[in-house]
Amino acid sequence: MRRVGEATAVPAARRALPPPTPWEALPLVAPFLDAASLAAASCVSTSWHAAFAADYLWARLCAQHYPSALGLLRHLPDTDGCSSGRQQRSSTHCRLFALFRSASIRCRALPAPRLALADVAFAVDVSTAGGESIVSFAVPAAEAGGVKNAAGLFLFGIDLSDRNAAIGPGEWRVRWTAVRTGNRWDGGAPVAVLMMDAKVPAARAAGAVSFGGRGEAGVAARLPAPGCGGERLEAEVVVELAGEERLVEKVRLGVMCECRYVGADEGLRYLQHFLL
């Protein structure tokens, strides 16, 4: 039994909760919060929403992070798309800040190509204008020797110095075909796409070999655009020549965009539009 004058213990469940933060203090704290904290605090209650979703707070953040966005205020709709009357309507500058914040989230890196170099082979035919073969070869892309200082580029060099093939006088022709040879797709059925079928003027090869006995002659052709459009890409084939006979020593294959070679992943992403 409880003795007379003994204090009565108050159960934990009945203890008084701390008083809520006076609403007058909320506007004093709000200017010191970042965007994520303001957004979270505005969802606590109606009074907190009034304090932390105030338009002047988001106007300050817009001016700080996205000053150019302020010029778009007159183009924003009057509503933020809330169909329910129970939802709190966002301030104009809050919606503007969210719009530009989402732009950085949407700017994602491109995914890695599904096609790999191990799945692709190149077939090249160099012939005279009359159709007589000068040199022909097929090589897996993964085994084609990379050109010096071209690591990571869609650029390949194939040594043909043992072929003893020479480009004679007159016009000649280059045909380059990319073939999907990997058996990971469609049960191994091969698929091919023509990268180039172009003529090379006779003067280009004739003037290629300098007094040092070596030179090169090349040709570039516009690649077909994939279904979704995209950058203007060109296929380039360069033939390295040696001696007065203009013997073919090496053939370089590459894909270019605005006079620069594209990366290996970019080249594979282009090929997969046609080979997958």
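Helix H4 passes helix H5 in a left-handed crossing. In this predicted model, the axes of H4 (residues 55-65) and H5 (residues 92-106) come within 7 Å and cross at roughly 35°.

**Where H4 meets H5**
- From H4, the contact draws on Asp55, Trp58, Ala59, Leu61, Cys62 and His65.
- H5 answers with Thr92, His93, Cys94, Leu96 and Phe97.

**H5 on its own**
- H5 has 15 residues and spans 21 Å from its first C-alpha to its last, close to the 21 Å expected at 1.5 Å a residue.
- Its buried residues are His93, Cys94, Arg95, Leu96, Phe97 and Ser102.
- Among these, His93, Cys94, Leu96 and Phe97 are buried and also take part in the contact with H4.
- Besides H4, the buried residues of H5 pack against helix H2 (35-41).

**Over to H7**
- H7 covers residues 264-275, so to speak a run of 12 residues.
- From first C-alpha to last, H7 reaches 16 Å, close to the 16 Å expected at 1.5 Å a residue.
- Buried in H7 are Ala264, Gly267, Leu268, Tyr270, Leu271, Gln272 and Leu275.

Note on methods: Residues numbered from 1 in each chain as written. Predicted model: local features only at pLDDT ≥ 70, side-chain atom pairs only at ≥ 80, totals over all residues. Heavy atoms only, no water. Helix = DSSP H or I, 4+ residues; strand = E, 2+ residues; numbered from the N terminus. Expected span 1.5 Å × (residues − 1). Buried < 20%, exposed > 50% of the residue type's maximum accessible area, 1.4 Å probe, protein only. Axes fitted to C-alpha atoms, helices over the stretch in contact; angles between N-to-C directions. Left-handed = near helix turned anticlockwise from the far one by under 90°. Contact = heavy atoms within 4.5 Å.
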